[in-house]
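Student: Could we go through this structure together, one question at a time?
Tutor: Gladly! Have a look at it here, and then ask away.

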Amino acid sequence: MNAFIIARDTEEEAKTVLNDIIAQANVEAVNAFGDATREAGAAAPERAGNWATSTFDDLVQYNDGFKTNLIGTPQQIAERIVDLKNVGVDLILSGFLHFIEEVEYFGEKVLPLVRQLEQQQEQRLAAKSA
């Protein structure tokens with residue numbers, strides 16, 4: 001699954017970054033991409049394609065990376081990652097605005113929470129099985 005991750009200390013900060021990205025998008029380029037994906041989708045067997053329901057905001061980040069909603073606080077993002085895993089997602093291809101700084105933040109703040117939530121979930125399942 002493709003995801004664009006915006007992790008910030010507060011949800012408000014994360015949403016501000018998201019809104020700034022969308023506001024600064026090249027409208028002509030995004031619309032051209034949308035047109036091209038709809039045209040390609042028309043040739044697909046289902047006549048729609050992957051991006052048939054994508055909005056302008058979705059298409060700002062290629063491959064609908066905003067749709068995963070991995071935007072918010074480390075806790076919110078960690079919970080969403082575990083939720084995605086619970087429905088069968090086993091790989092998240094992640095994009096970041098400022099790659100080096102944000103990957104470091106993600107590794108320090110989000111991944112430990114993901115591991116903690118996974119461990120708690122495993123303990124609950126083990127307790128139910130006992």
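Student: Which residues in helix 5 are buried?
Tutor: Keep in mind that this is a predicted model. A residue counts as buried when its relative accessible area is under 20%. In helix 5, that picks out Glu102, Tyr105, Phe106, Val110, Leu113, Val114, Leu117 and Glu118.

Student: What covers the buried residues of helix 5?
Tutor: Look for the elements in contact with those residues. The cover includes strand 2 and helix 4 (74–86).

Student: Is Arg8 buried or exposed?
Tutor: First find Arg8 in the loop between strand 2 (6–7) and helix 1 (11–23). Leaving aside residues up to four places away in sequence, Arg8 touches Glu13, Ala14, Val17, Gly72, Thr73, Pro74, Glu102 and Tyr105. Its relative accessible area is 16%, and the cut-off is under 20%, so Arg8 is buried.

Student: Which helix gives the most to the lining of the largest cavity?
Tutor: The largest cavity holds about 30 Å³ of space. Its lining is made up of Ile5, Ala7, Arg8, Phe96, Glu102, Tyr105 and Phe106; by class, five are nonpolar and two are charged. With three residues, the top contributor is helix 5 (residues 99–129).

Conventions. Residues numbered from 1 in each chain as written. Predicted model: local features only at pLDDT ≥ 70, side-chain atom pairs only at ≥ 80, totals over all residues. Heavy atoms only, no water. Helix = DSSP H or I, 4+ residues; strand = E, 2+ residues; numbered from the N terminus. Buried < 20%, exposed > 50% of the residue type's maximum accessible area, 1.4 Å probe, protein only. Contact = heavy atoms within 4.5 Å. 1 Å grid on protein atoms, 1.4 Å probe; cavity = no way out; pocket = protein on both sides within 12 Å on 5 of 7 lines; lining within 4 Å. Points joined across faces, edges and corners; volume = space filled by probe spheres on them. Nonpolar A, V, L, I, M, F, W, Y, C, P; charged D, E, K, R; others polar.
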